[in-house]
Amino acid sequence: MIRAKIAGTGSYIPEKVATNFDLEKFLDTSDEWIVSRTGIRERHIAAECQNASDLATEAARKALEMAGVAAEEIDLIIVGTITGEFTFPSAACMVQKNLGARRAVAFDVSAACSGFIFALANAVNYHRIGTVKRSLVIGSEIMTRTVNWKDRNTCVLFGDGAGAVVLSSEEGEGGILSTHLHTDGNYWELLYQLSGSASPSFLPEVEDQGRRFVKMQGNEVFKVAVKALSDVALEALAANGLTKDDLKLIFPHQANKRILDAIGKRLDLPSDKIFVNVDRVANTSSASIPIALDEANRRGLLAPQDLILLNAFGGGFTWGAALIRW
Ligand code: COA
């Protein structure tokens, strides 16, 4: 059986750091509040000259290097992002240009914080039907440009970064075993951001002439996120006849440490099986899972045959999972 296998991982996190103490200086908040409610201690902020496609390109270069694959060998590039610098062309087009990946078909996927998993599921299907042999799947975001820095309910939660994987078609039992995607648009109002030039006219914010920021009802998002992330993990395991005890590590979307703890409780998983880096990078939306995966990979936490699970949740609502035999 031909499966997509992860041949290399890479990530890029901008240099500039904003700690909770930095935020205290201009916002009615505190390190104590942010850490106790979210587990976040700091986030990284892209330089003014950087765009989401630049971060994506850096992460992709590192993944290609690890995989030992040249950009010219890539057939497909999919970027999960909601913060591309253009409405069009896609961030993926810019990555294709930056890398010189001339043969690659490139497009973006918009699924908010689930963007990477949605992109990955798309790529896996191209590998499965045999039209693609090597692909790049990337999550890249500059979320700090989408939040209102006067709104303490949202701005403390997000950060910037990018993560990437190179997929390669291989025979055998390993690789990406299955992907599972879900959407429920009925929840759109709990987490959204109006578009720049094509917003629906029935929303009051359309009257604003200024920038349009992320809006969120945090406590409502929290409840649905915990259930969806847990349910989709169980769905992925059941679809493969496996149980939580077979898992080496899970990589949930890094939105909030309290969400990660609640998933652990619901799935009855010990905390050392749940990868956490939200304290250092905050919520980087679609970049969060590939950044976490690259960190674990480079720290030597993953060995061949390990079973790992990626599960994401985001605005839409969208949610999904991928089960992987490393
Ligand atoms: N600093 C200090 N106080 C803050 C604050 C901040 N950064 N943000 C909110 N508060 C205040 C609120 O104004 C509110 O004050 P009030 O009681 O005087 O009105 C109080 O804290 C409680 O607000 P609430 O929204 O009920 O807090 P919460 O316990 O639900 O925590 C979140 C807020 C956002 C941390 C939490 O709901 C959450 O993590 N939700 C999920 C969000 C998420 O991850 N979204 C992305 C999913 S992809």
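User: Why is Phe 213 called partly exposed?

Analyst: In this predicted model, Phe 213 has a relative accessible area of 24%. Buried requires under 20% and exposed over 50%, so a value of 24% is classed as partly exposed.

User: Where is Phe 213 found, and what does Phe 213 touch?

Analyst: Phe 213 is in the loop between β9 and β10. Leaving out residues up to four places away in sequence, Phe 213 touches Thr 146, Val 147, Asn 148, Tyr 192 and Gln 193; contact here means heavy atoms within 4.5 Å. The C-alpha atoms of Phe 213 and Trp 326 are separated by 38 Å, with the two residues 113 apart along the chain.

User: Why is Asn 283 called buried?

Analyst: The relative accessible area of Asn 283 is 6%, and the cut-off for buried is under 20%; therefore Asn 283 counts as buried. Asn 283 lies in the loop between α9 (278-281) and α10 (288-298). Beyond its neighbours within four places in sequence, Asn 283 is in contact with residues including Cys 113, Met 143, Leu 157, Phe 158 and Val 278.

User: What makes the approach of Asn 283 and His 253 a polar contact?

Analyst: The side chains of Asn 283 and His 253 are joined at 3.2 Å. The limit for a pair of N or O atoms is 3.5 Å, and within protein one must be able to donate a hydrogen and the other to accept it. The pair is listed as a polar contact, so the distance of 3.2 Å falls within that limit.

User: Why is the pair of Phe 313 and Phe 317 called tilted?

Analyst: There are six aromatic pairs by the rule applied. In the pair of Phe 313 and Phe 317, the centres are 4.7 Å apart and the planes stand at 55°. Pairing requires centres within 6.5 Å, while planes under 30 degrees apart count as stacked and over 60 as edge-to-face.

User: How do you know whether Phe 313 and Phe 317 are buried or exposed?

Analyst: Phe 313 has 5% relative accessibility and Phe 317 has 0%. Since buried means under 20%, Phe 313 counts as buried, and so does Phe 317.

User: Why is strand β6 described as largely enclosed?

Analyst: Eight of the nine residues of β6 (residues 134-142) are buried, so the rest of the structure largely encloses this strand. β6 pairs with β4 (residues 76-80) in the parallel sense over five bridges, and Ser 135 in β6 is the bridge partner of Leu 76. Nine bridges join β6 to β7 (residues 160-171), and these two strands run antiparallel. Ser 140 has Ala 162 in β7 as its bridge partner.

User: Why is α10 also called largely enclosed?

Analyst: In α10, 10 of the 11 residues are buried, so the helix is largely enclosed by the rest of the structure. Among the buried residues are Ile 289, Leu 293 and Asp 294. Gly 300 follows α10 and has a positive phi near 75°.

User: How do you know that the span of α7 is close to the one expected?

Analyst: Helix α7 (residues 218-239) has 22 residues and reaches 31 Å from its first C-alpha to its last, close to the 32 Å expected at 1.5 Å a residue. Its buried residues include Val 221, Ala 225, Leu 229 and Val 232. Among the elements covering the buried residues of α7 are β8 (175-183), α8 (257-267) and β13 (318-325).

Technical notes:
Residues numbered from 1 in each chain as written. Predicted model: local features only at pLDDT ≥ 70, side-chain atom pairs only at ≥ 80, totals over all residues. Heavy atoms only, no water. Buried < 20%, exposed > 50% of the residue type's maximum accessible area, 1.4 Å probe, protein only. Helix = DSSP H or I, 4+ residues; strand = E, 2+ residues; numbered from the N terminus. Pairing = 2+ DSSP bridges. Expected span 1.5 Å × (residues − 1).
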